[in-house]
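Thanks for asking me to look this one over.

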Amino acid sequence: MAVLADHAVGAVNSAALIQRWCSAACAALESGKCLEVQYETFTRIVEVHRVGISPRGGHILSGWQIRGPANERCGWKLLNLDDAIGLNLTEIASHAPRPDYRRGAKQFLGIICQL
């Protein structure tokens, strides 16, 4: 029984963390700053264009990557925030919206914030 209680507390903490990360991503969008998204083995710096919910219920971000792993080019990325281990607002100015940006997207079941 204690294991189930610990698991439930962990799920609540995870939900709170994801909510904070979605808020941080929206703050980056609203402030015109880039967001650093950290994963286990790499980091990306993105200009946030949209944050929302995927059809599978995950939390996702659509952004223009300006920096990432060495073998990747800059450009559009759809990032899974549920897999991130850290988010930081940077002082790097965002150049969003990029010329080919369009509001709404089929990859999003729900939108939390967007340009």
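1. Helices here are DSSP runs of H or I with at least four residues, strands are runs of E with at least two, and both are numbered from the N terminus. Read that way, the order of elements from the N terminus on is α-β-β-β-β-β-β. That gives one helix and six strands in the protein. Please keep in mind throughout that this is a predicted model.

2. The protein has 115 residues, and buried residues make up 35% of them. Its accessible surface comes to about 6,900 Å², with 55% of that belonging to carbon and sulfur atoms. Taking contacts between residues at least 6 apart in sequence, 59% join residues at least 24 apart.

3. Where would I look for the nonpolar interior? In general, nonpolar side chains of soluble globular proteins tend to be buried together. The largest nonpolar core here has 19 residues. Those with the most contacts inside this core are Leu 35, Val 37, Val 46, Val 48, Val 51, Leu 61 and Leu 87. Helix α1 and strands β1 and β2 each supply at least two residues of the core, and α1 gives the most, with seven residues.

4. Which cysteines are paired? Cys 26 and Cys 113 form a disulfide, with their sulfur atoms 2.0 Å apart, and a search of the whole structure finds one disulfide. Cys 26 lies in helix α1 (residues 2–31) and Cys 113 in strand β6 (residues 110–114), so the bond ties together parts that are 87 residues apart in sequence. The torsion about the S-S bond is about -100°, so this disulfide is left-handed.

5. Cys 26 is buried at a relative accessible area of 8%, and Cys 113 is buried at 10%. Cys 34 is buried as well, with a relative accessible area of 0%. Cys 74, on the other hand, is partly exposed at 44%.

6. On to the charged groups. Side chains of opposite charge can pair when their charged atoms come close. How many salt bridges does a search of the whole structure find? The search finds four.

7. One of the salt bridges joins Lys 33 and Glu 91, whose closest N and O atoms are 3.7 Å apart. This pair links distant parts of the chain, with Lys 33 in strand β1 (residues 33–38) and Glu 91 in strand β5 (residues 86–93), 58 residues apart. Lys 33 counts as partly exposed at 25% relative accessibility, while Glu 91 counts as exposed at 68%.

8. Another joins Arg 98 and Glu 47, and here the closest N and O atoms are 2.7 Å apart. Again distant parts of the chain are linked: Arg 98 is in the loop between β5 and β6, Glu 47 is in strand β2 (residues 43–53), and the two are 51 residues apart. Arg 98 counts as partly exposed at 21% relative accessibility.

9. Arg 44, Glu 72 and Lys 77 are linked in a network of salt bridges.

10. Finally, a point about the backbone. Most peptide bonds are trans. The bond from Ala 96 to Pro 97 is cis, with omega near 5°. Pro 97 is found in the loop between β5 and β6.

How values were computed
Residues numbered from 1 in each chain as written. Predicted model: local features only at pLDDT ≥ 70, side-chain atom pairs only at ≥ 80, totals over all residues. Heavy atoms only, no water. Disulfide = S-S within 2.5 Å. Buried < 20%, exposed > 50% of the residue type's maximum accessible area, 1.4 Å probe, protein only. Contact = heavy atoms within 4.5 Å. Areas by Shrake-Rupley, 256 points an atom, 1.4 Å probe, with all protein chains shown as cover. Salt bridge = Lys/Arg side-chain N within 4 Å of Asp/Glu carboxyl O. Core = buried A, V, L, I, M, F, W, Y, C linked by side-chain atoms within 4.5 Å.
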